[in-house]
Amino acid sequence: MKRKYLLIAPLAVSLTLVSCGGDKTEGEEELANVDSAKTEAPTAQVTETFFQVPSPGEMLTFIKMVGGKNNKNVSFLNSPDNQKNYSDTKAKALNFGIYSCDLSYCSIFEIGSEALKYFKVVKQLGDQIGVSSAIKPEVLKRLEGNLGNPDSLSVITDDVYFSSFETLENSQQGPTLSLVVAGGWIESLFIATNLSKYDAKSPVVERLADQKYTLDNLIEFLKKYESDANVASVLTQFNELQAEFNKIGEKDAAAASASDQSKKILGGGKELVLSAEQYKVIVDKIKSIRNSYTLTK
Amino acid sequence: MRKIFLSLFILSTSLMFSQASVCGQFHRKYCTPDSKREKSEWQYNAQSKSGLFNQGMTSKIRCVIYKGMDYRINVCCETTFGDKLNYKIFDAKTNELLYDNAAAENEPMFEFQSTATRQLIIEVSVPTGSTEKDKHKPMDAACVGLLIEHKVTDKQGFSQY
């Protein structure tokens, strides 16, 4: 496993640039001063921050867990028939993320026949955005063989998402990757808002408010590629959505209860308090952004 | 000067490609606790990450953890770095240090939950001279993985679910 590399100064520079979502770092800003960097020891500390985004499946699994077990509604998903409408790079990448989320939804909620339809459209769009190696034909056979096994279906569809992510990351297709992540995230929120109604104590509403933090990370991730016009336009929409999330009120989180003392609790922090009015504005904004990607009403 | 800069840039770019693919999903292959290899209720969290480190290097991720979930972090690396990886967890908003595995003899695994949904900064460091006998050459590089897993916090007491 041990690997040796010629770790001269450019490595310190390149290490700071690898992967998606990297923030400006101590090494990155030294790109213009590479001559002086050459003299630094190869073990010089390099600090870098990557902005991570939970997968759409995490949100959907949560919704199912808090009361959506019997849900089989697919009416609000992006119809596979719409795939023919996505001709440019931006639309393909965004809808690859959206369809991947829909596929995940069908798997998690045990709607196997629909999962097959969504897998096929994910495969077709994946071939077009350069992740064909991540979605091999045998995956379809695995899906067909596990239609009655929701746990296996979820594992298979998660693998499709993560393999696609990795392929785009490794092939340095940052703008495409960021659009895929953006599409998957907005679709997971769109699904969540279609499955829930406003109730201040609803776990789904709480989780929706908490997306404020995920959106912060996602925006930082998108900023990395904002020189790309497609990413820049998505960033503009997400900034508008962030402005609405930023209006959500906060209160101190409840202290850890005595019965929680057996495990490590990270205390403190703030709970978000989402009002009915704010909920409506945010839901409408999510719908508007999502439908601008799917080209639907 | 321009040629030197260009050469260095091309070299660094080529290294970027090799590093990105070198470590890829290292964390999924090597950071899974032994007990997890059997069926477990812990689920893979997409905020996990791997990267190529050299000694003395520090890297951070900013991630989101949700209230009502248990989380398990496991940091691992190729044997070339020994087992002295250090990681710290900060509240991203306040910069408050919430956990430092140095206080637990560099224990790689940490289970926790949070009273509120929040952004965390997880800072992973490979100390200089991290190998057992310090024979390690400083120019070696190796993969480091940060595996994050989650599960729904067990409800305590009676529940309708």
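A: Let us begin with a definition: two strands pair if DSSP finds at least two bridges between them. The model shown here is predicted. In it, an open sheet of 5 strands has the order β2(A)-β3(B)-β8(B)-β5(B)-β6(B), and its pairing is mixed.

Q: Which strands are the edge strands of this sheet?

A: The edge strands are β2 (49-51) of chain A and β6 of chain B, since each pairs on one side only. On average, neighbouring strands of the sheet are turned by 20° against each other, direction ignored.

Q: In which sense do β3(B) and β8(B) pair, and over how many bridges?

A: Strand β3 (residues 58-65) of chain B pairs with β8(B) in the antiparallel sense, over 8 bridges. One position to look at is V64(B), which stands opposite Q119(B) in β8(B). β8(B) also pairs with β5(B), in the antiparallel sense over 6 bridges. Here K88(B) stands opposite E123(B), and N86(B) has S125(B) as its bridge partner.

Q: How many of the residues of β8(B) are buried?

A: A residue is buried if 20 or more other C-beta atoms lie within 10 Å of its own. In strand β8 (residues 118-125) of chain B, 6 of the 8 residues are buried, so the strand is largely enclosed by the rest of the structure.

Q: What do β5(B) and β6(B) form?

A: They form a hairpin, with 5 residues between the two strands. Strand β5 (residues 86-91) and strand β6 (residues 97-100) of chain B pair in the antiparallel sense over 3 bridges, and F90(B) has L97(B) as its bridge partner. In the turn, N95(B) has a positive phi of about 65°.

Q: How does one describe the way in which two helices lie against each other?

A: One considers how close their axes come and at what angle they cross. The axes of helix α8 (residues 174-195) and helix α9 (residues 203-223), both of chain A, come within 11 Å and cross at roughly 170°. Because angles over 145 degrees count as roughly antiparallel, α8(A) is roughly antiparallel to α9(A).

Q: Which residues of the two helices meet?

A: An α-helix has 3.6 residues a turn, so residues three or four places apart point the same way. In α8(A), the residues in the contact include S178(A), V181(A), A182(A), W185(A) and L189(A). In α9(A), they include V204(A), L208(A), Q211(A), T214(A) and L218(A). The residues of this contact divide into 11 nonpolar, 4 polar and no charged.

Q: Is α8(A) mostly covered or mostly uncovered?

A: It is mostly covered, since 20 of its 22 residues are buried. α8(A) reaches 32 Å from its first C-alpha to its last, close to the 32 Å expected at 1.5 Å a residue. P175(A) has its place in this helix and is buried, with 24 other C-beta atoms within 10 Å.

Q: Which residues is P175(A) in contact with, leaving aside its neighbours within four places in sequence?

A: P175(A) is in contact with Y225(A), D228(A), N230(A) and V231(A). Although P175(A) and V231(A) are 56 residues apart in sequence, they are 6.4 Å apart in space, C-alpha to C-alpha.

Q: What secondary structure does each chain hold?

A: Chain A comes to 11 helices and 5 strands, whereas chain B has 2 helices and 9 strands. Buried residues make up 46% of the 297 residues in chain A and 43% of the 161 residues in chain B.

Note on methods:
Residues numbered from 1 in each chain as written. Chains lettered and ligands numbered in written order. Predicted model: local features only at pLDDT ≥ 70, side-chain atom pairs only at ≥ 80, totals over all residues. Helix = DSSP H or I, 4+ residues; strand = E, 2+ residues; numbered from the N terminus. Buried ≥ 20, exposed ≤ 12 C-beta atoms within 10 Å, placed from the backbone. Axes fitted to C-alpha atoms, helices over the stretch in contact; angles between N-to-C directions. Parallel < 35°, antiparallel > 145°, perpendicular 65-115°, else oblique. Contact = placed C-beta atoms within 7 Å. Nonpolar A, V, L, I, M, F, W, Y, C, P; charged D, E, K, R; others polar. Expected span 1.5 Å × (residues − 1).
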